[in-house]
Amino acid sequence: MTTTDTIAVLALAVAVVAAVAAIGSWRAARNANGAAQALTRIEQQRLHADLTPHFRCTIVANEARSTAMLRVHLEGPAGLLSHGAIEITTSLRNDNPHRGDGSHLAGTPTPEEVRAHIWGPWKFSADGCDGTGRTVAPQQLAIGEWTRYGLTPTTPPSWSASTMDDWRRDYANEPVRLSITARSKGSEWTVPLEVPVTTEAAS
C-alpha cells in the first residue's frame, strides 16, 4: 500500500467516524427533544387536571314534586380565579349509558330515539333549554358564584306501556345524573355528577 493509499484510507476512516458521531449526536438531540415534548405534555395534562372545576349542586322539589330547582355552585379550584368567569353548559345524562345499544327490531323505537329520550326523573324547564329539556344554554359563572335552573318531571316515552304513576315510582328515589361542561381560555372539562333530590318542607 502506497503512502497515498494509506492517506486515503485514513481519510475515509475519519469520515466514517465523523458520520457515526454526527448520527449519534442527531439521535441524542432527537431523543432529548422527544423527552422534552413528553414532559411538556405531562405538565400540561397535570395543570389541566388541577384546574378541573369543582361544582356543588342541590335539587329541591316542591311538596307535590311537580317542580324542582337545581342550584349549581362553582366552588373552585382557586387556580381558576385568574380565568375570571368560565362558560358552563349543564346537561342531563340518562340513567343507563347503554340504553339504545341493542339491536333494532322492526316496529320498535330506533336506538337514536331511545337515546334521545330522557331516562331520569327530571328535565329542564328553564329559559334557554333545548326542545327536549335535556340541555340548557351556556352561561358564564365565576368562582364562588351560583346559578339555578327550573326542572319539571319527565314522562314515559310514547312507545312505553308504563303509566305516569309507574314512571314516577320507578324514579322516586333516583338521583339526577348531570354532566357539566366548562370552557375557559381554550381548555375544556366535563364533570359528571349525581345529585339527590330533596323535598321542601311544607310551610
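I'll start with E87 and R183, whose side chains form a salt bridge with an N to O distance of 3.3 Å. A salt bridge here is a side-chain nitrogen of Lys or Arg within 4 Å of a carboxyl oxygen of Asp or Glu. E87 sits in strand β3 and R183 in strand β7, so the pair ties together parts that are 96 residues apart in sequence. Helices (H or I, at least four residues) and strands (E, at least two) are DSSP runs, numbered from the N terminus. E87 is partly exposed at 25% relative accessibility, and R183 is partly exposed at 33%. On the terms: buried means under 20% relative accessible area, exposed means over 50%, and partly exposed lies in between, with a 1.4 Å probe and protein chains only.

Before going on, the source. This is a predicted model, in which local features need pLDDT of at least 70 and side-chain atom pairs count only at pLDDT 80 or more, while totals for chains, interfaces and linings use all residues. Residues are numbered from 1 along each chain as its sequence is written, and side-chain values use heavy atoms, with hydrogens and water left out.

Back to the charges. The structure has seven salt bridges. One of them joins R99 and D95 at 2.8 Å, N to O. R99 is partly exposed at 27%, and D95 is partly exposed at 31%. Another is between R169 and D166, with the closest N and O atoms 2.5 Å apart. These two are three residues apart in helix α3, residues 164-170, which means that about one helical turn separates R169 from D166. R169 counts as exposed at 55% relative accessibility, whereas D166 is partly exposed at 26%. Salt bridges with shared partners also link E87, R183 and E188 into one network.

β7 covers residues 176-184 and β8 covers residues 187-195, and they pair in the antiparallel sense over nine bridges. Two strands pair if DSSP finds at least two bridges between them. T181 has T190 in β8 as its bridge partner. The two strands form a hairpin with two residues between them, and K185 in the turn has a positive phi of about 50°.

What does H83 touch, leaving aside residues up to four places away in sequence? The list is L51, S184 and K185, where contact means heavy atoms within 4.5 Å. H83 is found in the loop between β2 (68-76) and β3 (86-92), and is buried at 17% relative accessibility. Its side chain makes a polar contact of 2.7 Å with that of S184. A polar contact is a pair of N or O atoms within 3.5 Å; within protein, one must be able to donate a hydrogen and the other to accept it, and residues adjacent in sequence count only if both atoms are side-chain atoms.

Now the overall picture. The protein has three helices and nine strands, in the order α-β-β-β-α-β-β-β-α-β-β-β from the N terminus. Of its 203 residues, 32% are buried. Among contacts with a separation of 6 or more, 67% are between residues 24 or more positions apart.

Last, the cysteines. There are zero disulfides, a disulfide being a pair of cysteine sulfur atoms within 2.5 Å. C57 is buried at 15%, while C129 is partly exposed at 27%.
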